[in-house]
Amino acid sequence: MHHYQAGRNAYILRDFTQAIACFKLDQVIETTNQAVHIHLERAYKYRQIPPPKSWDGVWTIITK
């Protein structure tokens, strides 16, 4: 849980490289944790295309 929480904190602070590192560590420990998988996927996407400055940490689905 420590790595996941550290990843969430980095994610909210828009430090997606750090968030990815933390989520990957947690993924080794909790291989079936779906929340880790989802946050890891989103952090990779946000590292490529950062969210707008007004981003509040919420993931918004824009496609169906």
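Buried here means under 20% relative accessible area, and at 6% Phe-16 therefore counts as buried. Keep that cut-off in mind for the views below, all of which come from a predicted model.

**View 1. Phe-16 sits between two ring partners, Tyr-11 and Tyr-46.** The structure holds eight aromatic pairs. One of them is Tyr-11 with Phe-16, an edge-to-face pair with 5.7 Å centre to centre and 80° between the planes. Both Tyr-11 and Phe-16 are buried. Phe-16 also pairs with Tyr-46, this time tilted, at 5.4 Å centre to centre and 35° between the planes. Since Phe-16 belongs to helix H2 and Tyr-46 to helix H3, this pair ties together parts that are 30 residues apart in sequence. Tyr-46 is buried too, with a relative accessible area of 12%.

**View 2. The largest nonpolar core has 12 residues.** Tyr-4, Ala-10 and Tyr-11 are in it, along with Phe-16, Ala-19, Ile-20 and Phe-23. Val-36, Leu-40, Ala-43, Tyr-46 and Trp-55 complete the list. H1, H2 and H3 each put in at least two residues of this core.

**View 3. Helix H1 has four buried residues: Tyr-4, Gly-7, Ala-10 and Tyr-11.** They cover an arc of only 125° around the axis, which puts them on the same side of H1. For the spacing, recall that an α-helix has 3.6 residues a turn, so residues three or four places apart point the same way. What do the buried residues of H1 pack against? The partners are H2 and H3.

**View 4. Arg-14, which follows H1, has a positive phi.** The value is near 70°, in a residue other than glycine. Arg-14 lies in the loop between H1 and H2. Is Arg-14 buried, partly exposed or exposed? At 31% relative accessibility, Arg-14 counts as partly exposed.

**View 5. Asp-26, in helix H2, is buried with a relative accessible area of 0%.** Setting aside neighbours within four places in sequence, Asp-26 is in contact with Met-1, His-3, Tyr-4, Asn-33 and Val-36. His-2 is a handy landmark here: it is 24 residues from Asp-26 along the chain, yet their C-alpha atoms are separated by 8.0 Å.

**View 6. Helix H3, residues 34-48, has the span its residue count predicts.** At 1.5 Å a residue, the 15 residues should span 21 Å, and the end C-alpha atoms are 22 Å apart, which agrees. Val-36, His-39, Leu-40, Ala-43 and Tyr-46 are buried in H3. They cover an arc of only 130° around the axis, so they lie on the same side of H3. Helix H1 (2-12) and helix H2 (16-29) are among the elements that cover them. Now look at the start of H3, where a side-chain oxygen of Asn-33 comes within 2.9 Å of the backbone nitrogen of Ala-35.

**View 7. His-39, in helix H3, makes a side-chain polar contact with Arg-8.** The distance is 3.0 Å. At 11% relative accessibility, His-39 counts as buried. Apart from its neighbours within four places in sequence, His-39 is in contact with Tyr-4, Arg-8, Tyr-11 and Phe-23.

**View 8. Thr-60 is in the segment after H3.** At 53% relative accessibility, Thr-60 counts as exposed. How far apart are Thr-60 and Pro-50 in space? These two, 10 residues apart in sequence, are 13 Å apart from C-alpha to C-alpha.

Terms used: Residues are numbered from 1 along each chain as its sequence is written. Side-chain values use heavy atoms; hydrogens and water are left out. The expected span of a helix is 1.5 Å times one less than its number of residues. Buried means under 20% relative accessible area, exposed over 50%, partly exposed in between (1.4 Å probe, protein chains only). The arc is that of the directions from the helix axis to the C-beta atoms. Contact means heavy atoms within 4.5 Å. A polar contact is a pair of N or O atoms within 3.5 Å; within protein, one must be able to donate a hydrogen and the other to accept it, and residues adjacent in sequence count only if both atoms are side-chain atoms. Rings of Phe, Tyr and Trp (its six-membered ring) pair if their centres lie within 6.5 Å; planes under 30 degrees apart count as stacked, over 60 as edge-to-face and the rest as tilted. A nonpolar core is a set of buried Ala, Val, Leu, Ile, Met, Phe, Trp, Tyr and Cys residues joined through side-chain atoms within 4.5 Å.
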